[in-house]
Amino acid sequence: MQSNFSPIVAVVGLGKIGLPLAVQYARHGRHVIGCDINSTVVEKINAGQSPIQEEQGIETDVAALVREGLLSASTNTTEAVKRAGVVIVIVPVVIDEQHKADFRGIDAATEAIAAGLQPGTLVVYETTLPVGTTAERFRRILEQATNLKSGQDFDLAYSPERVSSGSIFRDLHLYPKVVGGVNEQSTVAATTFYASVLDTEIIQMASSDEAEFVKLIETTYRDVNIALANEFACFADAHRLNVTAAIAAANTQPYSHIHAPGVGVGGHCIPVYPYFLLQGLERLSQEARERMLLLPRAARRINDAMAEQAVRLIEAVTGPLAQKSVLLLGVAYRGDVHETAFTSAKLLQDALQERGAIVYVDDPLFRTDELRTLGYTPLNDEHRYEVCAILLQANHTAYQAFDFSQFPHCQVVLDGRQALRRKQIEALGMQYLTLGDGKQATQDGQQPTSLAFSSGTADGGWAL
């Protein structure tokens, strides 16, 4: 069947990635209808205002593109899809308390798309997904609702977003675009579309499953690499070695690419997508599940356990933290981003409170009422003199000028991101620590057991 030649692109999901994608396509001359269930977001865009500010130039671009008639927004996904020749889906998929993918939001979006889907339309999912989701789950929803056949009556493909908040337009230009369809026709259709709106290489995969796999490999690699760096940091602390210097030296060998250790891994991606990969084991036998993907499972445990390691290092200086005040700098999941998805700040606060500490937080990107709503206690002047330890969790640029002298009773600053000015802190009489700097043994003075194998099941296997 011939493609739907409508020049309109419907972008379903106008979040931190969806809106920049809509702008990117409109910049290349496409008429874009952005779809979102949040009426406030839609109203702002139609008024020429960007609901996100992290991307350079996006506020100016949204205003200009709306004025030129190339960009608009709607809460009615079905009507937008009826008019579109291409539908790009970037609705988030999160995990529940059992670390299973929660498809409710994207399923609802898919049903709305199906209600308006026309023959010849190209539908591409960019949301990170467990392998097989596009070709099985979403194809079934779309085909059953429309009586159309994917790869024949309409094209269906997957192409993972490979961008980071704050640098999306740069990333769209730098990184190759990975594309995989449910059949060759769909792959060609998706490749043709992306070649018209992106200025980068297009990599065609053999299937949508393989394209989904690419994204899970990328993010799981980073999680495992960080976990290895964190294991090295724990070893360095036990043996009074400097892990930063050792990693830097090791990385001068061209086959060594060790990441930096830290107090935890946050964000929508790295702490979440390894579980999508693990979800692919469910269709295998028990025997196969027990022997596969051991490293990603261990990495998740290691990186989440770094909160406990951070607390142990602090207590080695302060002694037991019961009824002592600790200040946590940064609740965002990473520096200079107004976002808290799976932030390590929660794990750190929990670990500190389990030791009886009184935990205060500071984050210049969040209002006081936002911090309270998120479950934190903002620091005020009344409690500055009580703080005995400070822990940097998010390396906001603002913390380069943070005034540590306002905490006269602070004994130790744990720089969880290796981002602070050590000399200035030490000049105040405070002890400066980083993970793996070898300056401070843990309180019991014993070499810690490898975190990777301290949380396995009794029989040596690993539970999903």
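## Pockets

Among the elements lining the second largest pocket, helix 14 gives the most, with three residues, where helices are DSSP runs of H or I of at least four residues, numbered from the N terminus. The model is a predicted one, in which local features need pLDDT of at least 70 and side-chain atom pairs count only at pLDDT 80 or more, while totals for chains, interfaces and linings use all residues. Residues are numbered from 1 along each chain as its sequence is written, and side-chain values use heavy atoms, with hydrogens and water left out.

The second largest pocket has a volume of about 330 Å³ and is lined by 18 residues, of which P271, A341, F342, T343 and L347 lie nearest its centre. Two or more residues of this lining come from each of helix 13 and helix 14 (344-354). By class, the lining holds nine nonpolar, four polar and five charged residues, with Ala, Val, Leu, Ile, Met, Phe, Trp, Tyr, Cys and Pro counted as nonpolar, Asp, Glu, Lys and Arg as charged, and the others, Gly among them, as polar. A pocket here is an open set of points on a 1 Å grid over the protein atoms alone, with protein on both sides within 12 Å along at least five of seven lines, whereas a cavity is a set where a 1.4 Å probe fits but cannot get out; lining residues have an atom within 4 Å of a point.

## Cavities

The count comes to two cavities of 30 Å³ or more, and the largest cavity has a volume of about 80 Å³, a volume being the space filled by probe spheres set on grid points that are joined across faces, edges and corners. Of the 14 residues that line the largest cavity, R162, V163, D171, L172 and K177 are the closest to its centre. This lining divides into eight nonpolar, one polar and five charged residues.

## Helix 9 and its partners

The axes of helix 9 (residues 208-239) and helix 13 (residues 294-318) come within 8 Å and cross at roughly 40°, the axes being lines fitted to C-alpha atoms over the stretch in contact and the angles running from 0 to 180 degrees between N-to-C directions. Helix 9 is therefore oblique to helix 13, since angles under 35 degrees count as roughly parallel, over 145 as roughly antiparallel, 65 to 115 as roughly perpendicular and the rest as oblique. The contact (heavy atoms within 4.5 Å) includes T220, D223 and V224 of helix 9 and L295, P296 and A299 of helix 13, and by class it has 10 nonpolar, four polar and four charged residues.

Helix 6 (residues 133-146) packs against helix 9 at an angle of about 115°, with the axes 8 Å apart. Here T133, T134 and A135 of helix 6 meet S208, D209 and E212 of helix 9, a contact of one nonpolar, three polar and two charged residues.

## Helix 1 and helix 3

Helix 1 (residues 18-27) and helix 3 (residues 58-68) pack at an angle of about 55°, with their axes 10 Å apart, and are therefore oblique to each other. In their contact, L19, P20, V23, A26 and R27 of helix 1 meet I58, D61, V62 and L65 of helix 3; these residues divide into seven nonpolar, no polar and two charged.
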